[in-house]
Amino acid sequence: MTIDGYTRTCGLIGNPVEHTLSPFIHNTLAEKLSHNLVYVPFHVEEGQVLPAISGAYALNLFGLNVTVPYKSQVMDGLIQIDELAEKIGAVNTLVRMEGGFKGYNTDMPGLYRAMSSEGIQIEGQEIILLGAGGAARAVAFLCASKNASKVYLLNRSLEKAEAVAGEVNEKTGKEVIYPMALSDYHRLPNQKFLAIQATSVGLYPDVDNAVIEDEAFYRKIHTGYDLIYKPSDTRFMQLVRQQGGKAFHGLKMLLYQGIIAYELWNDLSVPEEMALEVYKVLKEKMGI
Ligand code: ATR
């Protein structure tokens with residue numbers, strides 16, 4: 001691409017940002033859409049998030065993504081926060097407006113779009129959700145707001161599972177999230193579930209581990225969705241497949257959270273064929 005006086009800049013703030021795939025996603029989209037736009041990573045030190053946001057605004061940045069560990073801290077530096085992001089308590093996308101940035105969460109709509117594009121339904125489903133950290137909390141919101149019929153939220157520390165379940169049930173006005181200790185997985189009803197893996201177990205370089213190893217657990221899963229995309233075939237996914245289930249990694253979610261951010265910044269919709277073309281090159285880049 002040619003950078004000139006009209007080039008608009010977007011970027012990512014986080015720490016670390018060195019291994020991010022987001023510049024690849026956004027710069028590929030800009031190229032395919034012939035937009036004069038560039039997306040760069042910004043490594044921001046702890047304590048520098050608010051100055052980074054004001055600086056980005058002063059420098060006329062068009063939009064920003066936010067990653068670990070700043071998704072909630074960043075909320076203090078915004079002039080407006082979208083309702084979904086406010087509920088989830090995490091912002092991963094900033095859109096430039098008159099006077100400052102507005103915060104959105106595109107992670108959950110991204111997961112929803114990724115699941116829909118694989119033909120996976122949430123509505124009316126009984127779901128097992130593994131984890132109660134930041135990612136799992138957002139997934140619990142998604143499941144409740146998309147009318148899952150029941151979500152068993154299993155976590156190593158039961159207190160955290162109870163806290164997340166209580167908060168999501170209260171904020172969505174639905175009693176759908178049932179907290180359980182991870183070690184009680186054998187108490188799950190004998191039926192087939194969609195299982196969403198939202199713990200950090202299995203994430204590179206911890207590639208030989210899954211949060212539960214017991215085959216009996218995996219016999220209860222018809223579809224396993226791991227939010228992890230590195231590695232692209234996690235131990236959780238292998239265990240699901242070994243018991244006859246279908247397994248998916250989180251790369252499409254990463255793609256769609258980026259696409260939704262790009263759509264917000266540019267006020268357009270990216271056609272599905274183009275999304276799939278970007279997915280193809282993204283997979284090639286990952287060697288999968
Ligand atoms: P993220 O923002 O990616 O969700 P996080 O907030 O640190 O990360 O949450 C990590 C999740 O992985 C938590 O649910 C954590 O369980 P605890 O709440 O009990 O800590 C889970 N997790 C991490 N390591 C684990 C392990 N070895 N066994 C079981 N669960 C684990």
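In which helix is the place of Asn169? Asn169 belongs to helix α6, which covers residues 158-172. The structure is a predicted model, in which local features need pLDDT of at least 70 and side-chain atom pairs count only at pLDDT 80 or more, while totals for chains, interfaces and linings use all residues. Residues are numbered from 1 along each chain as its sequence is written, and side-chain values use heavy atoms, with hydrogens and water left out.

The chain contains ten helices and twelve strands, defined as DSSP runs (H or I of at least four residues for helices, E of at least two for strands) and numbered from the N terminus. The radius of gyration of the chain is 19 Å, close to the 19 Å given by the globule rule for 288 residues, so the chain is as compact as a globular protein of that length. This radius is taken over C-alpha atoms, and the rule is 2.2 Å times the number of residues to the power 0.38. The C-alpha trace spans about 60 × 40 × 30 Å along its principal axes. Of the 288 residues, 49% count as buried, that is, under 20% relative accessible area with a 1.4 Å probe and protein chains only. Of the contacts (heavy atoms within 4.5 Å) with a separation of 6 or more, 70% are between residues 24 or more positions apart.

Asn169 counts as buried, with a relative accessibility of 6%. Neighbours within four places in sequence aside, Asn169 is in contact with Lys174, Glu175, Val176 and Ile177. A polar atom of the Asn169 side chain lies 3.1 Å from the backbone nitrogen of Val176.

Key
Buried < 20%, exposed > 50% of the residue type's maximum accessible area, 1.4 Å probe, protein only. Polar contact = N/O pair within 3.5 Å; in protein donor to acceptor, adjacent residues only side chain to side chain.
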